[in-house]
Amino acid sequence: MLTAYKFRLYPDKKQQEIFSKYFGCNRVAWNKALELREEYYKDHKNDSSKKGLNYYDTAKLIKELKQKEEYKWLKEANSQSLQQTLMDLDKAFKAFFRRISKYPNYKKKSNRQSFRIPQHFNFTDNLLYLPKLGKGIKMEVHREFPREKVKQLTITKTPTDKYFVSLVVDDREEAPQKVQTTSDPKKTVGIDVGLKDFAVLSNGIKISNPKYLQRSEKLLKSRQRMLSRKQKGSKNRNKARIRVAKTHEKISNQKNDFIHKVSTAIIKQFDTVVIETLNIKGMKRNRNMAKAIGNASWGRFFQSLKYKADKQGKNVIEIGMFEKSSKTCHPCGYVNKGLTLSQREWICENCNAHLNRDLNASEDIRDFGLKQVGLDPIPSDRGEYKPVENPLTAELAKMNIKARSTSHDPEKQELYAMRKLKLSIGAGSPSIYWWEDVT
Ligand SMILES: [Zn+2]
């Protein structure tokens, strides 16, 4: 099984200089190879007999560049690291063609910098040794890891000048056997991610986007506005740029932390999680900024769910972008074609069920996933509810993440509001309760 680790690095002045060269070489290799691929595409796009360039074509290019006087300095970089960069670009293109990720971008000096080293590195207690770097680099090891089993190593530098090393460790042990997926609403859950709420689960739990993240995002916007007003090349502009980068970094840390906590709690509680494959192409087409940002964190959320599920022998089922998921009535299957995005609730014309848009979507996602593995869907419950303790909301509450119950019934939904819930159940933390079907 593969496990990822990330540690802060503290290179000295000289090591920073060498890193900076390596970053530069890998950035140029990436950009040059990308340029070559694009030119080739432009020249041959009407010729169906020609396929695009691959890794080997771009590797040849780098070899040629190294012979040229103006690119001689590329030789200073670790050549395996350059090869790795070209392989990463190749992978990025393959992922793009399979529509699972965005078109690869040119790398800029002001963004996050990185290079990878596939072998010939070494560790002592808190030092990292790299080829050509001489003495060890100080490393903050906050979590033990098997040093002899590290497979891959990536060095990064953030726009705020922090250095990190990311490691992939292969313990050569087999992944635990997967538990069986069942048509049990307590064991299998569908997740609908959205902009209004972070996620709505088919068991009626709604997880909101944390307030602190919204505050940070507001701050980012105002700082970006400030940056755009500063004169190009001025000292103040540079200061403003660093402020923007710091805020970006803060948001990304807060988001990762939030995603980590939510995915841990969900995988702990359920055996099987059903999610929708993100359609990045479709997202790009609608040019909705908020959606694009959401998309990035949903991608990370799904990755995190899959990673944790693999470690614990749980399942993640991905279903194709199921466009009608919010439009299909879960109880009867009727498709409400006229449903607009602003309608948060609707009544089914066919069976009269009162539906909460997001909850309905998450139930459809869950059942679509069950169907995909040959299991029966779970009927919608429309009975009486009583408040019971819910392990997921309890788990989330412990980590300071607010989760609320949601229902198809607007009256019940009103009841679920925390204040009222507290009144109806008396003492205890209201957030650890939800409503369960008792019929
Ligand atoms: Zn219906």
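**Strands 11 and 12.** I began with strand 11 (residues 272-276) and strand 12, which pair in the parallel sense over five bridges. Strands here are DSSP runs of E of at least two residues, helices are runs of H or I of at least four residues, and both are numbered from the N terminus. Two strands count as paired if DSSP finds at least two bridges between them. Strand 12 (residues 315-319) has four of its five residues buried, so it is largely enclosed by the rest of the structure. I took a residue as buried if 20 or more other C-beta atoms lie within 10 Å of its own, exposed if 12 or fewer, and partly exposed in between, with C-beta atoms placed from the backbone.

**Source of the model.** I noted that this is a predicted model, in which local features need pLDDT of at least 70 and side-chain atom pairs count only at pLDDT 80 or more, while totals for chains, interfaces and linings use all residues. Residues are numbered from 1 along each chain as its sequence is written.

**Whole chain.** I have eleven helices and 17 strands for the protein chain. Of its 439 residues, 28% are buried. Among contacts between residues at least 6 apart in sequence, 68% join residues at least 24 apart; a contact means that C-beta atoms, placed from the backbone, lie within 7 Å.

I wrote down an open sheet with strand order 2-6-7-1-5-4-3 and antiparallel pairing. Strand 2 pairs antiparallel with strand 6 (residues 150-157) over five bridges, and I117 has L153 of strand 6 as its bridge partner. Helix 1 lies across strand 2, strand 5 (137-140) and strand 6, and runs at about 90 degrees to strand 2.

**Helix 1 and helix 3.** I then checked helix 1 (residues 13-44) against helix 3 (residues 79-97): their axes come within 9 Å and cross at roughly 40 degrees. Axes are lines fitted to C-alpha atoms, for helices over the stretch in contact, and angles run from 0 to 180 degrees between N-to-C directions. That angle makes helix 1 oblique to helix 3; under 35 degrees counts as roughly parallel, over 145 as roughly antiparallel, 65 to 115 as roughly perpendicular and the rest as oblique. The contact involves Y22, C25, N26, A29, W30, A33 and L34 of helix 1 with S81, L82, T85, L86 and L89 of helix 3. I sorted these contact residues into nine nonpolar, three polar and no charged. Ala, Val, Leu, Ile, Met, Phe, Trp, Tyr, Cys and Pro count as nonpolar, Asp, Glu, Lys and Arg as charged, and the others, Gly among them, as polar.

**Helix 5 and helix 9.** The axes of helix 5 (residues 235-269) and helix 9 (residues 391-398) come within 10 Å and cross at roughly 155 degrees. I therefore logged helix 5 as roughly antiparallel to helix 9.

**Positive phi.** Most residues other than glycine have a negative phi. I found R172, not a glycine, with a positive phi of about 55 degrees. R172 sits in the loop between strand 7 (163-170) and strand 8 (188-193), and is exposed, with 8 other C-beta atoms within 10 Å.

Note on methods: Contact = placed C-beta atoms within 7 Å.
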